[in-house]
Amino acid sequence: MNRNLEKGIEFEELLRAYFLRSGMYVVRSIPIIRQGFDLSDIDIWLYDKPTGLSRRVQILDAKFKNKSKAIDRIFWTKGISELLNVDGAYIATTDKRSLVKYVGRDLGMSVLDGNDLNRLNKSNKIFFPDRLKEEEFTSFINKIDKAKHNKELSIIYKDLKSALIEKFGVGSINRALNTFSYLVSKCIESHPNSDAANIYIRLAYFSASIVLISIDFCLSKVSLRGLEEQKTTLANIIRYGNEDISNGLEKIRIASALIEKYLPNGRALSQTMLNDINQDYERINAEMIVEHVINKKDSLYTLGCNLEMKAFSRELCGFDDLSIDEKSFLGTLIDFSELQRNRFAESWYK
């Protein structure tokens with residue numbers, strides 16, 4: 001089937017489908033935010049598992065129509081890849097000049113040129129007909145935001161994606177966990193089978209998929225350590241937001257020292273604050289998630305990819321209709337959030 005690649009939506013969706021077919025975890029349209037400003041965006045973000053121990057994060061810039069811009073975009077993408085410290089970068093362009101591939105090769109970048117894209121576009125086996133496009137997904141989000149007279153879900157979705165390039169791994173685990181808890185709670189409050197429940201569930205699946213690939217990434221870095229050390233590392237990440245407890249508590253120690261120095265009776269207040277915070281941290285049942293995933297670490301990546309696909313499926317799959325592994329993991333996250341599985345399951349049914 002020959003599609004019009006001059007349309008940016010079709011162009012990027014073709015590329016997304018191609019990399020999904022290659023077994024990668026793929027996200028479109030991630031904003032690059034620095035100091036509160038939107039600097040630019042990543043057309044496509046890629047995460048994959050080339051081998052049992054290695055992981056790879058790459059970005060792709062999609063450029064169509066203007067040939068004169070293709071070389072400029074190669075230089076731009078190279079700079080962005082270094083800024084974000086990713087493992088590699090692609091550029092996809094409808095430009096067919098051999099010069100484009102030569103420049104890309106010299107800069108250590110992979111190039112999909114017009115010839116490559118035409119071959120992909122002619123295939124009937126690339127696109128996923130049962131999958132929502134990015135623009136359709138965001139239109140569902142915007143519909144609920146408009147009904148509620150705010151942009152809450154748009155901000156949530158944007159923040160989830162931003163976590164992948166701001167602090168993928170440690171940071172994205174905790175942001176996605178917090179977001180998942182909030183989305184499930186809102187889903188439970190919504191009318192069953194409503195438009196609101198639909199998008200809350202989709203975003204919950206998407207946030208859970210980010211939790212999975214982020215845990216997969218973190219565990220891959222300590223895969224050669226002993227099992228108990230792996231458990232401790234992951235528990236610290238979930239509980240303190242850092243692999244090391246001391247580093248995770250650094251800001252709190254600074255705040256404690258300032259209280260002790262500048263407030264009347266500061267020493268007592270500081271100690272009380274530290275005791276209360278430590279108790280709050282200890283109440284975070286990180287081990288619940290750790291024990292569930294640690295013996296399934298080889299399947300976390302695949303499970304993350306599957307849940308991402310569920311989030312974008314045209315026909316939304318309710319909790320009870322998920323696979324055993326999908327239900328088991330989501331159930332663990334729901335329990336961790338101290339919410340009710342059955343209430344979440346009742347929010348969407350056939």
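Is the crossing of α11 and α12 left-handed or right-handed? It is right-handed. Keep in mind that this is a predicted model.

Two packed helices are described by the angle between their axes and the distance between the axes. Take helix α11, residues 250-262, and helix α12, residues 266-283. They pack at an angle of about 155 degrees, and their axes are 7 Å apart. An angle over 145 degrees counts as roughly antiparallel, so α11 is roughly antiparallel to α12.

Now look at the contact itself. From α11 come I252, A255, S256, I259 and E260. They meet G266, R267, L269, S270, M273, L274, I277 and Y281 in α12. Sorted by class, this contact has eight nonpolar, three polar and two charged residues.

Next, find the loop between α11 and α12. N265 sits there. Its backbone is worth a look. Most residues other than glycine have a negative phi. N265 is not a glycine, yet its phi is positive, at about 55 degrees. N265 is also exposed, with a relative accessible area of 58%.

A second residue shows a positive phi. S29 has a value of about 60 degrees, and S29 is not a glycine either. Where is S29 found? S29 lies in strand β1, which covers residues 25-34. Is S29 buried, partly exposed or exposed? S29 has a relative accessible area of 24%, so it is partly exposed.

Strand β1 leads us to the sheet. Strands of a sheet pair through backbone hydrogen bonds, either parallel or antiparallel. Here, five strands form an open sheet. Their order is β1-β2-β3-β4-β5, and the pairing is mixed. Which are the edge strands? They are β1 and β5, residues 110-112, and each pairs on one side only. From one strand to the next, the twist averages 30 degrees.

Zoom in on one pair. Strand β2 spans residues 37-48, and strand β3 spans residues 56-63. The two pair in the antiparallel sense over five bridges. For W45, the bridge partner in β3 is I59.

Helix α4, residues 114-122, lies across β4 (88-93) and β5. Helix α4 runs at about 55 degrees to β5. Helix α8, residues 195-221, packs on the sheet too, touching β1 and β2. The direction of α8 makes about 90 degrees with that of β1.

Definitions and conventions
Residues are numbered from 1 along each chain as its sequence is written. This is a predicted model: local features need pLDDT of at least 70, side-chain atom pairs count only at pLDDT 80 or more; totals for chains, interfaces and linings use all residues. Side-chain values use heavy atoms; hydrogens and water are left out. Axes are lines fitted to C-alpha atoms, for helices over the stretch in contact, and angles run from 0 to 180 degrees between N-to-C directions. Helices (H or I, at least four residues) and strands (E, at least two) are DSSP runs, numbered from the N terminus. Angles under 35 degrees count as roughly parallel, over 145 as roughly antiparallel, 65 to 115 as roughly perpendicular and the rest as oblique. A crossing is left-handed if the near helix is turned anticlockwise from the far one by less than a right angle, and right-handed if clockwise. Contact means heavy atoms within 4.5 Å. Ala, Val, Leu, Ile, Met, Phe, Trp, Tyr, Cys and Pro count as nonpolar, Asp, Glu, Lys and Arg as charged, and the others, Gly among them, as polar. Buried means under 20% relative accessible area, exposed over 50%, partly exposed in between (1.4 Å probe, protein chains only). Two strands pair if DSSP finds at least two bridges between them.
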